[in-house]
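Dear colleague,

I am handing over the structure below, and after it I set out what was found. Please keep it open while you read.

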Amino acid sequence: MSKKWKWIGAGLLCVAVLATNHLQQNGQINTDIRKIVYSSEDLNFMRNVLREAFGTEEDPTIAVSQEAIDNQLLSFIAVKPYDDGYLLTFEKPLPILAIENGLVVYTGHNTNIGRTISVYYENNTTVTYGFLDSFTVLPYTSVAKGQTIANKDEAGDLYIQIETNGKSLNLEETIKWMREYVQS
């Protein structure tokens, strides 16, 4: 499908969401479109529907094994609970890499954890990193496995929180998850 039709489709989708929101605010319909548009599972559903409708230019690939990302995330020297996640202490700077294909759902500044990025992955996991020095992607950008999404330019603490199916992982589950998706 040509780019022109993709833009027309995206424009129509935007108009439909805005119109539905307006009708809901006037009390003409009961559906709260904001809950649908902003929930992560519906975001994933809409992404898959649009992917099917518009297709992809990439050739389909068949995964034969799950490769771990070459990442220094497991090279931390200390860990302690902080806020709803954990602080990992590093002796060297490190890039923060996407562990799978996903969508950046937030980049910004948080009062508790400084510069923050949250990525929603296709396996229904959201990972939030804090105390970052710089971002390399913008919000609502698709990311590919192994792509650099942020940087920790100086040694020190990195905040991490992992949520799977709406539940934050405890320390043991967090370390197990990191070992599964990351190799040092």
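In what follows, two residues are said to touch, or to be in contact, when heavy atoms of theirs lie within 4.5 Å. Please bear in mind that this is a predicted model.

I begin with Thr128, which is found in strand E7 (residues 125–130). Leaving aside residues up to four places away in sequence, Thr128 touches Ile113, Thr116, Ile117, Ser118, Tyr159, Ile160 and Gln161. With one of these, Ser118, there is also a polar contact from side chain to side chain, at 2.8 Å. The relative accessibility of Thr128 is 10%, and because buried means under 20%, Thr128 counts as buried.

Strand E10 (residues 148–152) is mostly covered as well, since four of its five residues are buried. Strand E4 (residues 94–97) pairs with E10 in the antiparallel sense over four bridges, and here Pro95 has Asn151 as its bridge partner in E10. Strand E8 (residues 134–135) also runs antiparallel to E10 and is joined to it by two bridges, with Ala150 of E10 as the bridge partner of Phe135.

Lastly, there is helix H4 (residues 171–181), in which Thr174, Ile175, Trp177, Met178 and Tyr181 are buried. Seen down the axis of H4, these buried residues fall within an arc of 160 degrees, and they therefore line one face of the helix. Glu172, Lys176 and Arg179, on the other side of H4, are exposed. The N-terminal end of H4 is capped by Asn170, which has a side-chain oxygen 3.2 Å from the backbone nitrogen of Glu172.

With best wishes

Terms used: Residues are numbered from 1 along each chain as its sequence is written. This is a predicted model: local features need pLDDT of at least 70, side-chain atom pairs count only at pLDDT 80 or more; totals for chains, interfaces and linings use all residues. Side-chain values use heavy atoms; hydrogens and water are left out. Buried means under 20% relative accessible area, exposed over 50%, partly exposed in between (1.4 Å probe, protein chains only). The arc is that of the directions from the helix axis to the C-beta atoms. A polar contact is a pair of N or O atoms within 3.5 Å; within protein, one must be able to donate a hydrogen and the other to accept it, and residues adjacent in sequence count only if both atoms are side-chain atoms. Two strands pair if DSSP finds at least two bridges between them.
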